[in-house]
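Thank you all for making time this morning.

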Amino acid sequence: MAGSQWELPPELCCRPMAFVALTGLDVVYNAVHRAIWDAFCANRRADRVPISFKVLPGDHEYPKCRTKRTSYEWYIPKGILKTGWMNKHLNLVPALVVLFYELDWDDPQWKEKQSECATKVEIVRTSLQGRNTKVAVVLIQKKTPLPPGEDLVASERAATLCNACDLSGKSLFVLPHTDHLVGYIIRLENAFYEHAQTYYYTEIRRVKSHKEFLNKTTHQLLFVRHQFKIAFFSELKQDTQNALKYYRTAYSLVHELRAHETNMLEIKTMAGFINYKICRLCFQHNTPLDAIAQFRKHIDLCKKKIGSAELAFEHAAWMSKQFQSFGELFDEAIKLGLTAIQTQNPGFYYQQAACYSQDRKQLSQQLCQAGATSPSSEPWDTQTGGLDFYGQRPWRQGHQSIDPPDAEKEKTGILALQIKERDVLHSELIIALLSNAVAQFKKYKCPRMKSHLMVQMGEEYYYAKDYTKALKLLDYVMCDYRTERWWGLLTAILTTALRCAYLMASVKDYIIYCMELLGRGKKEGSTESRSLWNDRMALAASNELTIEVQDYIPFIQCKAKFQCPSFHVDQPIQLQVFLRADCPHPVSFNKLAVSLSNQEYNQWCVVESAGQECMSLLPGKTKCHNFSFVAKTEDVGKKIELTGMELMLGSDSGRCVFLSWRGAGGDAASTHEALQASRSSRRWGREVEARQELDWDSLTMQHSTMIISRVPKISVQLSHRPPALNNEMYCINLTVQSQEGVVAKGVKLTAGLKPGQDANLGQTTHVSLDGSKVCDDTAPALLPDVPLGDLKPGEKLERCVYVNCVSTGSRVFLFHVAYSIDTTVEGRQIVCKCHKVEKVIIILLTVSTNTPQLQSQLQEVVLQTDECASECFCLRCPALANSNNTVATGQYLISWRSANSPLIQTVVTLPHVILESVPLYIHAELPSYGRVRESLSVRYHIENRTSLVQEVEMAVEPSDAFMFSGLKQVRLRILPGSEQQMLYNYYPLMAGYQTLPQLNISLPRCLTTNTHTLRRFLPQRIFVKPQGRQLDEASIAAA
């Protein structure tokens, strides 16, 4: 990638993890070792300790440790941070080296293998000479070890092995290769992690110990370097809070350095590294506001540190990378659960990165000379691979003085950088950043920002000479700008799109954009209008070119409307087409054609120029063309729709362009303009009415009209005498009278139940024209197309329609009279079919009574409207012959008729009665009322109506409203057919309706008898009067 010089190093962007080297494992040829390695590195979950493992040979050469400096008195640092330092501690210098060795406690060759293991440990220590790296040994064993303290041989031999290898007991581990290998590996990882923590803690203390030897005069760079190293070791130790603290200190120290042109790049580079670390840790700690504040502070401190004016494009590239990196951090935090908002999301940072990349592009065009050539004497490699310290120039590495050591070499190096910058594909960088920003703004529903950036992307594609993609993006954005009438923005985008179409040799697109630039979106006083107007036809590649202008803003507007939403078939259909020119010059056209859904009408909706003269439109003036045609009778009940309009510019003999509109016309901005016009008309209604000039925006489009039948000139009257009774032949009188001026031919009547009602009504309703007999089930519910003959002007026709309904309820009946008549419309003879519809609602009633026996009491009774008759008979139930206790009471047959109708019989099925067998009959004798605190006698009669002796248990429940005397609970026997009496004296305590003490009766020999059934025979309540006043002699004397 061209911008790789400004990419952050991968060791800076990754998550620092403790580096542990594993030796002694043959992962290629030894299956056991391969299984151990897979358990360490495969499928590592988030809950496992953060360690980076690497398998190394036992004699691996680790980076040599330099001799420790004992004094910094004469030491002058050459830079802030070496380019390989982070990678060295992430991937080269381990915090712990683990030696794996296969050795069981009971191995017969214990002595030899112990000696071999000690030798391997010594080799590892020799290769790590001068480092504080820890060494540990893991014994791979085949057997599961016994619990600590139980295997004395293992304890003894472990101590011997530790002495031989010079290891502490905490650095020797046992790994049994069993089914629980992963569990043992996890325990080993935790132990390794503790050793690594100790190593990094030691390294932090070692770096901190250097501070006492430093002075702020000559060792300012070392202060920054040491704080950065301490912070990085803290990250490796997973102490992110302390790491953030030390990174903040390092950042402050970086900006305290004395900045000049020779070290400006190094200061900015290190500031960018440290800022990246701080922001990453803030997001990791879930403090996004701190990250944003830190980044803003970073930009404010660094945006003016441009450095060499001849390399100003480098500063723009560096600033772009800062914004891009923060946007990526922000986006990564969002994916991990952070919530962003419309006004604060990664899209703004990607956008700003793109802006700085655009500045870089402009600066490189200004500063990089086109004719300069790179010097061939020395290769000027500006990549970090050849640098000792981050941010330094390759031709003066380690130089910290204000002035460059070699002015000629400095000039040559700057020229080499300028030539290298000239080869960078800036548009690709800008497009990638804008694409990321567009994706973010789309995600957070910011359509305006998305459109704005898509325009910039289109322009960059134009500069990159990818005109197809540029035009695709600009077309997408122009749809919104056309609809919302952003004329200034639209004109600017159209200019770029016009150039793209020209460079692509796309004639059709070129003409469309020319027409839009001439339309109402043009800039006032545009000098290119005349040129575009003259070129619009000359560039056409063929003699005919059709342009769909519905989705654009053409310089000619077109709207069409039917004058009415519907027309009768005997009326001419009126259609208006309005045209308006928005260009600065008159427009001539030769033909206007309207297309309708029924193409047979198209021939009546065409206007063409006569002879050599062309029709013209004046700028800003509205012209109306009226069309009229007669509808066909077969189109009655159908819609006629506008399907399109076509306007021909030019002539058939030469080149011509057809402007085509779909439907009733309009363009991309018409809907918005009509809405604005309606609001304006409501606000300034009187002023709009006073205008004589037609307001184009307020013109409404009517794209369809309905053809309806001719208005019938006949009267249809219905008369009947309600109510209608069930099964009656109910008569409805129909009177039809013609009011036409000519003969109404083929008059037909459709009468009966209106369709669309309950389906059951169609089976219980019958219609007939013969009232002499009752309808049967074969009679239809609707009589269709009954011929009534012809009707002369003024002639009257009467018919009777009989309705028979076998169920009650309301019904809607339909009477439809249709006929045809000859008429003339605009000189054309047509046959019109007319129809008249009348409806009537009938409510069916019935007569109700109980079961008759012998002779009915209602015989020869005449019922008038709203009258009701009833009769009553007693029924005696037979003895129950089976277990079924439901008895049918039979049917009730009524023979009746209304005036002038035949006799009708109606059958009513009577309900079933549920019988219950009760062995006892109980009734009570008590007065009609009682009085408070006066005795009230109640006598219960209990009669046995069975042929068996009945045992009866009786109990009286107490009541709050009464005191009583009598047997509260008794058990007695009643002989068949005999009666037993029980007497109780009740003493009322409260006035009003009171509930009597409840008498509970049970029959031990008839368990099927329900107590509630017996209780229904007994009275439940009695009215108690209040206590009366006693009149004494004094009262009488006073009276």
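Predicted model: local features only at pLDDT ≥ 70, side-chain atom pairs only at ≥ 80, totals over all residues.

E934 is partly exposed, with a relative accessible area of 40%, where partly exposed is the class between buried, under 20% relative accessible area, and exposed, over 50%, computed with a 1.4 Å probe on protein chains only. The side chain of E934 meets that of R931 in a salt bridge, at 3.6 Å from N to O, and R931, at 25% relative accessibility, also counts as partly exposed. A salt bridge here is a side-chain nitrogen of Lys or Arg within 4 Å of a carboxyl oxygen of Asp or Glu.

Residues are numbered from 1 along each chain as its sequence is written, and side-chain values use heavy atoms, with hydrogens and water left out.

How many salt bridges does the structure hold? The structure holds 32, and one of them pairs R34 with D38, whose closest N and O atoms are 3.4 Å apart. Because R34 and D38 are 4 residues apart in helix α2 (residues 31–41), about one helical turn separates them. R34 is partly exposed at 36% relative accessible area, and D38 is partly exposed at 31%. A further salt bridge links D300 to K303, with the closest N and O atoms 3.7 Å apart, and K303 is partly exposed at 39%.

Now to the overall picture. The protein has 24 helices and 40 strands, these being DSSP runs, H or I of at least four residues for helices and E of at least two for strands, numbered from the N terminus. Of its 1039 residues, 44% are buried. Taking contacts in the protein with a separation of 6 or more, 73% are between residues 24 or more positions apart, a contact meaning heavy atoms within 4.5 Å. The accessible surface comes to about 55700 Å², and 50% of it belongs to carbon and sulfur atoms; these areas come from the Shrake-Rupley method with a 1.4 Å probe, and for residues only the protein chains shown count as cover.

Let me turn to the sheets. Five strands form an open sheet with parallel pairing, in the order β2-β1-β3-β4-β5, where two strands pair if DSSP finds at least two bridges between them. β2 (51–55) and β5 (172–176) stand at the edges with a single partner strand each, so one side of each is left without a neighbour in the sheet. Neighbouring strands of this sheet are turned by 25 degrees against each other on average, direction ignored. Within the sheet, 4 bridges join β1 (residues 18–23) to β3 (residues 96–102), and T23 has L99 as its bridge partner in β3. Helix α4 (residues 110–127) packs on the sheet, touching β3 and β4 (134–141), and its direction makes about 160 degrees with that of β3; axes are lines fitted to C-alpha atoms, for helices over the stretch in contact, and angles run from 0 to 180 degrees between N-to-C directions.

Which face of strand β6 (residues 544–548) is covered, and which is uncovered? L545 and I547 form the covered face, whereas E544, T546 and E548 form the uncovered one. β6 runs parallel to β16 (residues 656–662), to which 5 bridges join it, and E548 has S660 as its bridge partner in β16.

Two backbone angles deserve a look. K445, in the loop between α14 (426–443) and α15 (447–463), has a phi near 55 degrees, a positive value in a residue other than glycine, and K445 is exposed at 64% relative accessible area. D785 has a phi near 50 degrees, again a positive value in a residue other than glycine, but D785 lies in strand β23 (residues 782–791) and counts as partly exposed at 49%.

Finally, T468, found in helix α16 (residues 467–484), is exposed, with a relative accessible area of 53%. T468 and M504 are 36 residues apart in sequence and 7.7 Å apart in space, C-alpha to C-alpha.
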